[in-house]
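Biologist: I'm new to this one and would like to learn how to read it. Could you put it on screen and take me through it feature by feature?

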Amino acid sequence: MQTPLQARQDVRRVLVITLILNFTVAVGKIGIGMTTGAISITADGFHSLMDSASNVIGLFANRIAGKPPDEDHPYGHRRFETIAALAIGILLLITAAEIITSALERLTNSTPPEVSLPVFVVLVATLLINLFVSRYQRREGQRLKSELLIADAANTGADVYVTLAVLVSMVLVSLGMAWADPLAALLIVAVIGRAAWQIMSSTGGVLVDRAPFHADQLAALAASVPSVHRVVRARSRGPANAAQIDIDIEVAPETTADHAAAITDAIRAKLEQALGGVAEVEVHFAPTQNAPPDYALRARAVADALGLATHEVRIADAPEGKILEMHVEVPPGQTLAEAHAQVSQLEQTVRASLPDVADVITHIEPALNAAEAVASNGILSNSMQIEREVLSLLQQHYLSMGWHHVKATIYDSGYALTMHVTLPAEMTVERAHHIAEDAEMLVRTQFPRVERVTIHTEPPEQDKTSS
């Protein structure tokens, strides 16, 4: 994977090579055009000279666009490359205007140019150079995802048709058709104008924040992430290969900061996988209105705010109302009185936030830190409960699939999960991979402390033995 700095250096190398070639072509064409008096060749030479100027602009823009974000440009300097590409389009229009003026003057003055063998030699040589430069820039522009190189490749690609038109006009002039020279110059104007319009339309769209991706496409990708109740708004701007995307979503009111971070990561991964070049993804959260309470999430959110951890959260119905039971992890080394005071505050806050809960029953236990967990064979005391809850979650969402061998172990400051799932033998690998990815995303959004998930997909036992 290339770093941004390496990509910028590669773009600079391409621009330097094409600058040298374009300048060589321009000098050759202008020299022959002025010597023979062929206006179409001279016009083509000045067109190539504009290519050289655009390469110089591109080098300058590439250097600025590669700078990291700063106080004045917190979103980076990428737009300088877009402005440079727009400048190339403007230069093409200026060149077209100059050629039109010269062609109209030649139509009123029918003095034919002098055509000789060196003229054809120069034109064929420049045609081959233009073909090489155009293909080289386009290939490198796509590889490096550089709109500047792609725009310049379109410009140089127009040179190929221009030079072909000039060659044909010189053949006609040698046959005594003097009008072919200014006519070819006007055809050059049409080709240049088309290239200029394509460049200015593309870069102008970026500068006026035209959306590179349709909002419905972005909303569908974000809505596929578990825990996203509704996508309120989806927006995008910038070039398609470096888009900035804003997603506004509704989630359960009980969603914690850790849970929100996991949802954000899942949405970003979905967008990057589906769209490719995404520079930045911003996710804005809002609570779902009138949503039924998620008792486990609400209890965990309250505990997080108090610096406590909970597990084995269970809700039960009783004649007097709902009873919420949970295990609460408190910092080790406390006295029972200190721990009880903390947990009592948790119980009161949970009851206040969930009016239909008649009572909260807690089990107090000391929390294990990572070092203690490693000393205990690397498994937290509540890892078995995590395994049970994850298995239950997967069985609820994927009823027809066989989940088994769910194992939780310590991983950094959270958990790593491994599991197996039995899928139909005739299912395609692509479909099985998609199911595993969705299941991983579901687990990580519902259990923020799970930092890594590995899912082994397999056919039924009889299919494995028969193969």
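Biologist: Let's begin with the sheet. What order do the strands of the open sheet have?

Modeller: In general, strands of a sheet pair through backbone hydrogen bonds, either parallel or antiparallel. Here the open sheet has 3 strands in the order S1-S2-S3, with mixed pairing. Strands are DSSP runs of E with at least two residues, helices are runs of H or I with at least four, and both are numbered from the N terminus. Two strands count as paired if DSSP finds at least two bridges between them. At the edges sit strand S1 (230–237) and strand S3 (278–287), each pairing on one side only. From one strand to the next, the twist averages 15 degrees.

Before we go on, a word on the ground rules: this is a predicted model, where local features need pLDDT of at least 70 and side-chain atom pairs count only at pLDDT 80 or more, while totals for chains, interfaces and linings use all residues. Residues are numbered from 1 along each chain as its sequence is written, and side-chain values use heavy atoms, with hydrogens and water left out.

Biologist: In which sense do S1 and strand S2 pair, and over how many bridges?

Modeller: S1 and strand S2 (residues 243–251) run antiparallel to each other, paired over 7 bridges. Take Ser 236 as an example: its bridge partner in S2 is Ile 245.

Biologist: And which strands does helix H7 touch?

Modeller: Helix H7 (residues 215–223) packs on the sheet and touches S1 and S2, with its direction at about 130 degrees to that of S1. Helix H8 (residues 257–275) packs on the sheet too, touching S2 and S3, and its direction makes about 140 degrees with that of S3. Contact here means heavy atoms within 4.5 Å. The axes are lines fitted to C-alpha atoms, for helices over the stretch in contact, and angles run from 0 to 180 degrees between N-to-C directions.

Biologist: Now the charged side chains. How many salt bridges does the structure hold?

Modeller: The idea is that side chains of opposite charge can pair when their charged atoms come close. The structure holds 13 salt bridges, each being a side-chain nitrogen of Lys or Arg within 4 Å of a carboxyl oxygen of Asp or Glu. One of them joins Arg 230 and Glu 250, at 3.0 Å from N to O. Arg 230 lies in strand S1 and Glu 250 in strand S2, so this pair ties together parts 20 residues apart in sequence.

Biologist: Is Glu 250 buried or exposed?

Modeller: Glu 250 counts as buried because its relative accessibility is 14%. The cut-offs are under 20% relative accessible area for buried, over 50% for exposed, and partly exposed in between (1.4 Å probe, protein chains only).

Biologist: Which parts of the chain does the pair of Glu 140 and Arg 13 link?

Modeller: Distant ones: Glu 140 is in helix H4 (residues 117–144) and Arg 13 in helix H1 (residues 4–36), 127 residues apart. Their side chains meet in a salt bridge of 3.7 Å, N to O. Glu 140 is buried, with a relative accessible area of 7%, whereas Arg 13 is partly exposed at 36%. Both belong to a network of salt bridges that links Asp 10, Arg 13, Arg 139, Glu 140 and Arg 143.
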